[in-house]
Amino acid sequence: MKYIGGIITAYIVLLVLDIMQRRNHTRTQSLKKFTVRTITDVSFICAIGALFVLVAFIWCLWSDPETFCSKGSLMIIIPFSIIWFGVTFLGMIAPIKGVWGICVDNNDVTVIKAFFYKRHWKVSDISYCKMKRGGMNVYVNGRKKKAFFVDGITDHFDNFIKRMEKEGKEIILPETKEKR
């Protein structure tokens, strides 16, 4: 029961943080300084998914505690819940500033992943961009390997595209299949 209480407390705190972040969210039209970040709707979807599984666990525990707490059930439930709640936790904190984002500040591009991993690039170093399903790969200094990926459902994705067009960077669109 302490396990479920801890999960509920953590998700209530994250829900309050997400609501506070949504209130402070500003939309910018600037092409010089902006941050591409995960939309806050993702955090609410993850919170609903976590709450749904938590309610299902509580209902199963309440309706048939012997079966729910058996060794075989726990061997399935514990790994599943750790993976599920881990993924939803990451989805809930993704929109918070500093967790994941691409910060464009004049000629500097900073890619932040998971709080501590930061890579710095220059807009002038970007060779070309390639549109993919769901976003865009960005290639730097003529390398064949992508430097970073910009997700298409993030805030300010359109600002990033406009900035690349303004800088004269080539944006390669996916090939369309012709119908015969």
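A salt bridge is a side-chain nitrogen of Lys or Arg within 4 Å of a carboxyl oxygen of Asp or Glu. The views below show close-ups of a predicted model.

**Figure 1. Salt bridge between Glu167 and Arg163.** The closest N and O atoms of Glu167 and Arg163 are 3.1 Å apart, and the pair counts because this lies within 4 Å. Arg163 is buried, at 3% relative accessibility, whereas Glu167 is partly exposed, at 36%. Side chains of opposite charge can pair when their charged atoms come close.

**Figure 2. Salt bridge between Lys122 and Asp108.** In this pair the closest N and O atoms are 2.6 Å apart. Lys122 is partly exposed, with a relative accessible area of 36%. Asp108 is also partly exposed, at 35% relative accessibility. The model has 2 salt bridges by this rule.

**Figure 3. An open sheet of 4 strands.** The strands follow the order β1-β2-β3-β4 and their pairing is antiparallel. Strands β1 (33-36) and β4 stand at the edges; each has a single partner strand, so one side of each is left without a neighbour in the sheet. From one strand to the next, the twist averages 15°.

**Figure 4. Strands β1 and β2 with helix α5.** Strand β1 pairs with strand β2 (residues 100-105) in the antiparallel sense, over 4 bridges. Within this pair, Val36 stands opposite Ile102 in β2. Helix α5 (residues 157-166) lies across both strands and runs at about 130° to β1.

**Figure 5. The largest nonpolar core.** This core has 21 residues, of which Ile102, Val109, Phe148, Val150 and Phe160 touch the most other members. Two or more residues come from each of β1, β2, β3, β5 (126-132), β6 (135-140), β7 (148-151) and α5. Helix α5 gives the most, with 4 residues. A second, separate core has 16 residues, including Ile7, Tyr11, Leu14 and Val99. In soluble globular proteins, nonpolar side chains tend to be buried together.

**Figure 6. Contacts of Val150.** Neighbours within four places in sequence are left aside here. Val150 is then in contact with Val36, Ile102, Gly134, Gly135, Met136, Val138, Phe157 and Phe160. Among these, Ile102 and Phe160 are, like Val150, listed with the core residues that touch the most other members.

Key: Residues numbered from 1 in each chain as written. Predicted model: local features only at pLDDT ≥ 70, side-chain atom pairs only at ≥ 80, totals over all residues. Heavy atoms only, no water. Buried < 20%, exposed > 50% of the residue type's maximum accessible area, 1.4 Å probe, protein only. Pairing = 2+ DSSP bridges. Axes fitted to C-alpha atoms, helices over the stretch in contact; angles between N-to-C directions. Contact = heavy atoms within 4.5 Å. Core = buried A, V, L, I, M, F, W, Y, C linked by side-chain atoms within 4.5 Å.
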